[in-house]
Amino acid sequence: MRSPQARMLQMPSGVGSLPNGLQLLTVPGESSTCAIGFFAKGGCRFEQAGVDRGASLLLKHMLHQSNGKYTATEVSTFKQDFGRLHDLDIESRDVLCHMAECPRWNLEPCLDVMTSMIFQPDFRPEELERGKSEAKVAACLTLEMDEQAQMMDMVVETAFGGKTIGQTQWPVECIASLTSDDLNTYVRRVWSPDRVCLVISGATQEEVLPILQTLFDRLPPLQPPALPPAPVLEEPAKYVGGWEYVSD
């Protein structure tokens with residue numbers, strides 16, 4: 001008898017896309033739970049010096065706030081009653097990831113909430129200031145490494161020196177200077193659907209594509225605006241420290 005893991009590896013997957021360019025990968029399953037992940041080509045390597053440096057960290061603290069369709073209270077209620085929405089994952093310097101789990105019968109409302117959070121943000125002044133305060137505290141946190149940890153960090157740097165892994169440091173002053181316009185520009189540039197891949201386990205293309213098409217039809221256009229020139233568009237691939245992220 002094959003193990004559950006072996007049966008899972010043999011399950012057919014589906015690949016599709018929407019007219020707006022969003023890529024969709026589905027993996028059917030026997031579970032009554034769906035796992036959802038929106039992956040965008042973003043992260044701190046794509047933040048522009050003097051323009052939106054620190055935007056991904058601030059966005060992490062703003063994601064579960066009010067958006068164009070739901071208030072922060074409604075988002076919180078959904079998390080408690082219908083599914084599990086994770087924080088924005090910004091540990092990768094190349095990819096932004098927002099993930100969730102929900103019962104299969106709540107797939108459509110979960111996708112509704114997630115697409116509203118990601119593609120239709122509403123950075124209200126009072127929530128923006130609160131998010132800035134939280135982000136600045138997070139930016140001030142530094143690794144306190146003992147001698148053994150420092151040695152391990154040197155080993156990892158030797159092995160992964162040309163990889164974009166490690167802990168990211170955001171200058172506090174950059175976060176303090178960000179405005180709602182900066183965040184809106186960042187979201188429309190990084191979370192443009194043609195830069196996004198959606199992965200769903202526990203559902204098929206036939207189930208998911210009509211839901212997504214309906215949800216995106218109601219969203220405003222998300223064409224990336226023209227950006228002012230910046231000295232850095234993409235940082236070189238390099239290890240930046242923080243071996244804990246590698247060993248987990």
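What follows is a working chat about this predicted model.

Me: How many helices and strands does the protein chain have?

Reply: The protein chain has 10 helices and 6 strands. Keep in mind that the model is predicted.

Me: And how much of the chain is buried?

Reply: Buried residues account for 42% of the 248 residues.

Me: What share of the contacts join residues at least 24 apart?

Reply: That share is 83%, counted among contacts between residues at least 6 apart in sequence.

Me: OK, the sheet. What is the strand order?

Reply: The order is β1-β2-β6-β3-β5-β4, in an open sheet of 6 strands with mixed pairing. The edges are β1 (14-17) and β4 (84-85), each of which pairs on one side only.

Me: How do β1 and β2 run, parallel or antiparallel?

Reply: Antiparallel, with 4 bridges between β1 and β2.

Me: Which residues of β1 are on the covered face, and which on the uncovered one?

Reply: Gly14 and Gly16 are on the covered face of β1, and Val15 and Ser17 on the uncovered one. In a regular strand, side chains alternate between the two faces of the sheet.

Me: And β2 with β6, parallel or antiparallel?

Reply: Parallel: 5 bridges join β2 (residues 23-27) to β6. At one of the paired positions, Val27 has Ser201 of β6 as its bridge partner.

Me: What does helix α9 touch?

Reply: Helix α9 (residues 205-217) packs on the sheet and touches β1, β2 and β6. The direction of α9 makes about 145 degrees with that of β2.

Me: Which strands does α4 lie across?

Reply: Helix α4 (residues 107-119) lies across β3 (33-41), β4, β5 (95-103) and β6. The angle between α4 and β3 is about 20 degrees.

Me: Let me look at one residue, Leu198. Where is it?

Reply: Leu198 is in strand β6, which covers residues 196-201.

Me: Why does Leu198 count as buried?

Reply: Leu198 counts as buried because its relative accessible area is 0%, and the cut-off for buried is under 20%.

Me: What does Leu198 touch?

Reply: Leaving out residues up to four places away in sequence, Leu198 touches Leu22, Gln23, Leu24, Leu25, Ile36, Gly37, Phe38, Leu111 and Leu212. The C-alpha atoms of Leu198 and Leu24 are 4.9 Å apart, although the two residues are 174 apart in sequence.

Me: Next, the core. Which residues have the most contacts inside the largest one?

Reply: Ile36, Phe38, Leu111 and Trp191 do, in a nonpolar core of 53 residues. Helix α4 gives the most to this core, with 8 residues.

Me: And what does Leu111 touch?

Reply: Among the residues that Leu111 touches are Ile36, Phe38, Leu198, Ile200 and Leu212, again not counting residues up to four places away.

Me: Change of topic. How many salt bridges are there?

Reply: A search of the whole structure finds 6. As a general point, side chains of opposite charge can pair when their charged atoms come close.

Me: What does Arg84 pair with?

Reply: Arg84 pairs with Glu101, and their closest N and O atoms are 3.9 Å apart. Arg84 is in strand β4 and Glu101 in strand β5, 17 residues apart. Arg84 is exposed at 53% relative accessible area, while Glu101 is partly exposed at 25%.

Me: And where do Glu207 and Arg104 sit?

Reply: Glu207 is in helix α9 and Arg104 in the loop between β5 and α4, 103 residues apart. Their salt bridge has an N to O distance of 2.8 Å. Glu207 is partly exposed, with 33% relative accessibility, and Arg104 is also partly exposed, with 31%.

Me: What is the distance for Arg124 and Asp122?

Reply: The salt bridge between Arg124 and Asp122 is 3.2 Å, N to O.

Me: Which residues form a network?

Reply: Lys69, Asp112 and Arg218, joined by salt bridges that share partners.

Conventions. Residues are numbered from 1 along each chain as its sequence is written. This is a predicted model: local features need pLDDT of at least 70, side-chain atom pairs count only at pLDDT 80 or more; totals for chains, interfaces and linings use all residues. Side-chain values use heavy atoms; hydrogens and water are left out. Helices (H or I, at least four residues) and strands (E, at least two) are DSSP runs, numbered from the N terminus. Buried means under 20% relative accessible area, exposed over 50%, partly exposed in between (1.4 Å probe, protein chains only). Contact means heavy atoms within 4.5 Å. Two strands pair if DSSP finds at least two bridges between them. Axes are lines fitted to C-alpha atoms, for helices over the stretch in contact, and angles run from 0 to 180 degrees between N-to-C directions. A nonpolar core is a set of buried Ala, Val, Leu, Ile, Met, Phe, Trp, Tyr and Cys residues joined through side-chain atoms within 4.5 Å. A salt bridge is a side-chain nitrogen of Lys or Arg within 4 Å of a carboxyl oxygen of Asp or Glu.
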